[in-house]
Amino acid sequence: MNRIRVLSRMDWVFIFVGLLLLLFILIPLLATLFASSPGEFAEGVGDRGVLNALWMTFLAAFVATVIALLLGVPLAYLLARRDFLGKNLVQGIIDLPLIIPHTAAGVALLMVFGRRGLLGEPFASVGVYFTQNFAGIVIAMLFVSLPLLVDTARETFALVDRRLEGVARTLGASPWSAFRRVTLPLAWRGIVAGAVMMWARGISEFGAVVILAYNPKTISLLIYERFVGFGTDAAAPVTALLLVLALIILVLVRAVLVPRRRRERVDRGGGR
Amino acid sequence: MIRLEGLRVQAGGFSLKIERLSLAAGEYVMLLGPTASGKTVLLETVAGLRRPQSGRIWFGEREVTGEAPEKRGAGLVYQDYALFPHLTVAENIGFGLRGRRGRRRTGGTGATGGTAGDGDGGDRGDRVRALAGMLGIDGLLSRYPEGLSGGEQQRVALARALAVEPEVLLLDEPLSALDGPTRLELQGELRRVHQETGATILHVTHDLDEALALGDRMAVLIDGELRQVGEPQVVSRRPVDVEVARLVGLTNIFVVAGARDETADRRRLTLENGLELVAEGKERVPALEAFVAIRAEEIEIEPASGRPGEASPESAGSGSAERDNALDGVVRSVKVQSVHASLDVEVTAPGGVDLQAPRFTVHVIRPQVERLGLAAGSAVRLRIPPVAVHVCSAATDAPDCSRMQVDGRS
């Protein structure tokens with residue numbers, strides 16, 4: 001049978017090369033995890049400042065994700081379903097935050113949301129500020145991580161057979177109703193996966209946040225500050241905590257994504 | 001009644017042109033066309049999922065050209081069923097029944113299930129069960145589409161479309177994806193559903209047998225244009241042009257070199273390959289690029305020296321042999337299929353000049369092959385009844401083919 005195949009020399013080379021990359025990621029992570037003793041870990045993590053920063057970071061990333069869900073999912077649907085002039089341009093703009101340095105993104109955002117910025121100034125006159133506060137963190141996270149959600153949602157929508165929507169329409173469903181009763185139930189897994197990824201990406205954001213809101217401190221800023229002030233030993237316990245959390249998040253994302261793939265395969269096989 | 005007028009639909013690089021097509025209430029119309037001839041585009045346009053560039057669509061007295069699909073009431077069934085994978089069979093069938101209490105309904109053409117009774121009074125569950133019962137899928141109501149067979153899925157798709165009592169039921173190659181026995185079974189089911197519900201049906205297919213089995217009428221669509229509309233039997237025997245002829249399975253197609261009228265309904269044709277055939281029928285012979293097309297199963301075959309009692313009187317009077325379109329030839333190959341056998345017969349050209357010996361495909365039912373002792377190398381005599389010699393043109397772009405077919409002499 002095909003299944004029990006002897007590995008070719010090429011396979012061995014590829015495995016070796018891939019393993020190198022894997023170790024490149026794994027060894028620093030493990031080193032951080034084992035750098036601090038359990039006692040140091042508990043002490044570093046039990047710190048009130050750490051827990052506050054952690055909670056605030058999670059919340060800000062969550063708020064950014066909710067905003068992106070409300071504004072990004074409709075856009076993702078349009079990108080997946082409709083052809084329009086300048087669609088590539090729109091797609092490019094959405095993906096732009098992925099490729100620009102995040103400090104550059106922070107500077108650009110400051111031009112708009114800073115106290116003398118395009119939007120910042122009129123809002124500042126009524127006492128609403130977007131820098132050095134929670135709102136600034138949300139804006140920074142939203143800007144840099146929204147491509148993850150929009151792109152994942154777009155791909156998911158594209159996977160939903162558009163004829164299902166057509167059939168729903170012929171059965172009397174309005175476009176809204178077809179979206180709610182057919183498209184969304186079939187696409188939600190992908191959208192949720194995209195949202196989790198965006199959330200995780202938001203948590204890890206540093207560059208844009210440091211420019212827009214140095215305070216209150218997000219977890220990534222906290223790590224940076226401890227490192228600059230007290231060296232690796234001080235930064236290690238918080239880093240380790242973050243790594244564990246990140247791992248849990250990734251496992252959750254897989255758990256959401258994998259059933260979807262399996263189902264697609266069955267659908268395709270049982271189709272004819 | 002469904003009526004299409006001057007319809008132009010642009011879909012990608014493809015354009016569909018329908019000058020006129022109408023379906024009477026309760027009529028079962030087959031739309032026959034090769035792959036990529038625009039059949040699906042036409043259905044989606046009628047359903048309202050595509051907007052035509054120009055033209056009008058009428059459902060009864062109501063013009064629906066600009067109407068959204070959810071307002072139209074056209075039920076659509078795709079070849080691969082397009083069931084909602086996240087809903088159970090019952091939820092699929094009941095999908096269109098939700099919140100449609102106040103929906104406008106027009107009498108007569110609505111497809112109320114016979115066994116469903118008055119779906120109006122009963123609640124949604126009753127209606128779903130009644131439809132499932134009519135289609136024999138009542139045991140599957142709580143299942144998901146994923147695990148169902150093709151035939152079962154197709155029944156669910158059919159029940160789902162029928163549930164909303166559509167003004168017209170649009171079927172896009174509903175049987176093509178099914179295996180042989182299931183296809184025949186579903187064919188019977190479609191006929192029964194049509195009888196029981198009185199639904200108006202437009203059914204797309206590329207299978208002539210399906211069209212013959214189900215259709216009250218048949219419309220032939222090639223390259224985005226309607227070439228011919230008529231009774232399936234008539235279209236299959238009297239295609240207007242060579243492309244339609246090929247589509248409806250006419251294998252013996254020859255170029256006509258000259259024609260001479262003998263009587264109003266009878267003419268003598270000289271073919272390019274040198275053969276002379278007598279044709280009977282009302283079709284006029286096109287001045288340019290005329291063809292004859294002969295159905296393989298309408299050609300009679302017998303062994304050349306098989307039965308002297310029959311063969312001799314004809315060979316005596318050559319005139320009568322010509323009137324019968326009798327041709328002598330040799331069987332080159334015999335291809336036996338499930339029901340019939342297909343024979344490749346090389347005919348001796350008249351005058352003995354054997355430059356391009358014409359070949360005919362002849363279909364006989366299988367037992368006949370043994371009974372007549374036909375095999376490769378057998379000398380045979382073919383007889384082509386003059387009514388089976390059908391004259392058609394190269395390709396029509398005549399907008400109104402249905403008229404051409406009725407009074408071919410216009």
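How many bridges join strand β11 of chain B to strand β14 of chain B? Keep in mind as you look that this is a predicted model. The count is 4 bridges, linking β11 (residues 252-263) to β14 (residues 290-294), and the two strands run antiparallel. To find one of these spots on screen, go to B:F254: its bridge partner in β14(B) is B:V292.

Now zoom out from that pair. Both strands sit in an open sheet of 5 strands in chain B, ordered β13-β12-β11-β14-β20 and paired antiparallel. At the edges you'll find β13 (276-280) and β20 (390-393) of chain B, each pairing on one side only. On average, neighbouring strands of this sheet are turned by 50° against each other, ignoring direction.

Next stop is B:L327, in strand β16 (residues 326-336) of chain B. B:L327 counts as buried because 22 other C-beta atoms lie within 10 Å, and the cut-off is 20 or more. Leaving out neighbours within four places in sequence, B:L327 is in contact with B:L275, B:V347 and B:L382. B:A74, on the other hand, is 253 residues from B:L327 in sequence and 52 Å from it in space, C-alpha to C-alpha.

Finally, have a look at where the chains meet. Chain B puts 22 residues into the contact and chain A puts in 20 residues. On the chain B side, α2 (69-72), β6 (74-77) and α5 (150-163) each supply at least two residues, with β6(B) giving the largest share, 3 residues. By type, the chain B side splits into 12 nonpolar, 4 polar and 6 charged residues.

Notes:
Residues numbered from 1 in each chain as written. Chains lettered and ligands numbered in written order. Predicted model: local features only at pLDDT ≥ 70, side-chain atom pairs only at ≥ 80, totals over all residues. Contact = placed C-beta atoms within 7 Å. Nonpolar A, V, L, I, M, F, W, Y, C, P; charged D, E, K, R; others polar. Pairing = 2+ DSSP bridges. Axes fitted to C-alpha atoms, helices over the stretch in contact; angles between N-to-C directions. Buried ≥ 20, exposed ≤ 12 C-beta atoms within 10 Å, placed from the backbone.
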